Amino acid sequence: MSTYAIRTFGCQMNHSDSERVSQVMQKAGFKLTEEDLADLLIVNTCSVRQKAEDKAYGFMTKHKRANKNVKIAITGCMVRQTGDRENSRDPLFSFDSIDIAFRIEDTARMPKLLERHFREHDFSQFEEAFGDGSIENYFNIVPKVENKAQVFVPIMQGCDKFCTYCIVPFTRGREISRPLEDVLAECKVLVEAGAKEITLLGQNVNSYKDGEKGEKCFAKLLLEVDKLHVMGLSRTRFTSAHPQDFTDDVIDALAHMKTRCPYIHLPVQHGSNQTLRAMNRNYTIDKYNDIIAKIRTAMPDTTLATDIIVGFPGETEEQFQELCDFADELKLDFSYTAIFSPRKHTPAARMEKEFIDMEEKKSRFHRFDEIVKKHAFAQRAKFVGKEVEVLVEKSEVAENGLYRNAGRTREFFEVWFLAGRPLKGKEVMVTLDEQKGYVFSGTMPEVEAQKYAAPALLKVLAV
Ligand code: SF4
């Protein structure tokens, strides 16, 4: 039996896409294995920064050198055309290690591309499973979910915003939303299978429409997903949102949801109106602050995260200072901060004359980071001593027969604690004992700890 492995770089969207790719591979009769052993290595790429692309290239080179027979298929944000080395002129194939490239929307076409490379493999199962073309639409592929308790559901693909630094509209194409009934049907199946947390995914989730019909209706979608609370859904999250479409009805819907998490990730990218204009972000700092004020009035418990680019071409010291003042006033709980790096084919990449020296960019990054940390740590410190609900994401063996579990609170804080069992996928109560930077360590309250004690200990308790 032919085997495959997938390496995913980048964001949750890519991880979710990989789950759909994995389903297609298994329907095509391939078996999942370790990267070093795979006949086919699928690399799901990110191109948000040059470093991300370099990592993918490095990974492919390493594997092709170690095993020249391995076939490498590349997908994700670095791919613009579907094809293989023999029939495509895509410049990606100037890189020797790549055999096949496929756009994520063409996932269902991928087994066809593989036929030439895997002549011994029987692809008939795939034809039988999907010969009717039922998965021609990428969204209709049922993902091979890795963690049943925490699932990711794409609601739209692509982007119409054309921020000047971003390659996404060119790689992922224009916005396409899934029909609401399809999204809800997928969410329902996942909750029935044990999902406690659903993250709705898209490049701009809040410009979601019901399929290609009518008006934007992200608020309606949130309220519909929230109804799955009665079936056991506990948390609804979403990413990424855009300030331009963060309308009052979305805030109102959030405030009424039983599965709401008091955490908003709303990328602002900069704190200077001039820089925002140069980035083509289509809103002002006043507009952003207004949204946050409304969120904090309606839901005062909300923690706030954002994305920032430091050192955008032409960013003056004065504009950088505006960014620092903005962050100081807003008291962010977290920032995904990046140093500007030009992406080929984007308008910002052509602003070479205004590029900022790397040392200066790094210095601004650190100055900004200090401001974010000051507020983020102070806000987290207020949670020490509190008992909070944690959804466990990973568990590993610790000492004395215990397990080290890690998960996130509803506010998206990372928490580590010991328990008698691996608790991945469970929602448990944890007292936050200590905060180190962005991370907490905690202990389970007595009653909870007994509930999840090691089996041996349970016997002792029962005697
Ligand atoms: S909104 Fe801007 S940054 Fe986000 S995907 Fe679209 S173009 Fe890229």
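**Reading the features of a predicted model**

Visitor: Does Q269 count as buried or exposed, and why?

Guide: Q269 counts as buried because 21 C-beta neighbours lie inside 10 Å. In general, a residue is buried if 20 or more other C-beta atoms lie within 10 Å of its own, exposed if 12 or fewer, and partly exposed in between, with C-beta atoms placed from the backbone. This is a predicted model, in which local features need pLDDT of at least 70 and side-chain atom pairs count only at pLDDT 80 or more, while totals for chains, interfaces and linings use all residues. Residues are numbered from 1 along each chain as its sequence is written.

Visitor: Where is Q269 found, and what is its phi?

Guide: Helices (H or I, at least four residues) and strands (E, at least two) are DSSP runs, numbered from the N terminus. Q269 is in the loop between β14 (263–265) and α9 (273–278). Its phi is near 80°, a positive value in a residue other than glycine.

Visitor: What phi does N280 have, and where is its place?

Guide: N280, which is not a glycine, has a positive phi of about 60°. Its place is in the loop between α9 and α10 (285–298). N280 counts as partly exposed, because it has 14 C-beta neighbours inside 10 Å.

Visitor: Which residues does the cis peptide bond join?

Guide: The bond joins T239 and S240, with omega about -5°. S240 belongs to the loop between β13 (235–239) and α8 (248–255).

Visitor: How is the chain divided into domains?

Guide: Domain bounds come from an automatic or database domain assignment. Here they give domain 1 (3–130), domain 2 (143–381) and domain 3 (387–462). Between the C-alpha centres of domain 1 and domain 3 the separation is 37 Å.

Visitor: Which residues surround the ligand?

Guide: A residue is near a molecule or strand if its C-beta atom, placed from the backbone, lies within 6 Å of it. Around the ligand are C159, K161, F162, C163, C166, V168, P169, Q203, N204 and H242.

Visitor: How many residues of each class does the shell around the ligand have?

Guide: Ala, Val, Leu, Ile, Met, Phe, Trp, Tyr, Cys and Pro count as nonpolar, Asp, Glu, Lys and Arg as charged, and the others, Gly among them, as polar. By class, this shell has six nonpolar, three polar and one charged residues.

Visitor: At what angle do helix α6 and helix α7 pack?

Guide: Axes are lines fitted to C-alpha atoms, for helices over the stretch in contact, and angles run from 0 to 180 degrees between N-to-C directions. Helix α6 (residues 180–192) packs against helix α7 (residues 218–226) at about 30°, and their axes are 10 Å apart. This makes α6 roughly parallel to α7. Angles under 35 degrees count as roughly parallel, over 145 as roughly antiparallel, 65 to 115 as roughly perpendicular and the rest as oblique.

Visitor: Is the crossing of α6 and α7 left-handed or right-handed?

Guide: A crossing is left-handed if the near helix is turned anticlockwise from the far one by less than a right angle, and right-handed if clockwise. The crossing of α6 past α7 is right-handed.

Visitor: How do helix α11 and helix α12 cross?

Guide: Helix α11 (residues 317–330) and helix α12 (residues 358–381) cross at roughly 15°, and their axes come within 9 Å. That makes α11 roughly parallel to α12. Their crossing is right-handed.

Visitor: In which helix is R65 found, and how far is it from S97?

Guide: R65 is part of helix α2 (residues 50–66). With 9 C-beta neighbours inside 10 Å, R65 counts as exposed. R65 and S97 are 32 residues apart along the chain, and 8.6 Å separates their C-alpha atoms.
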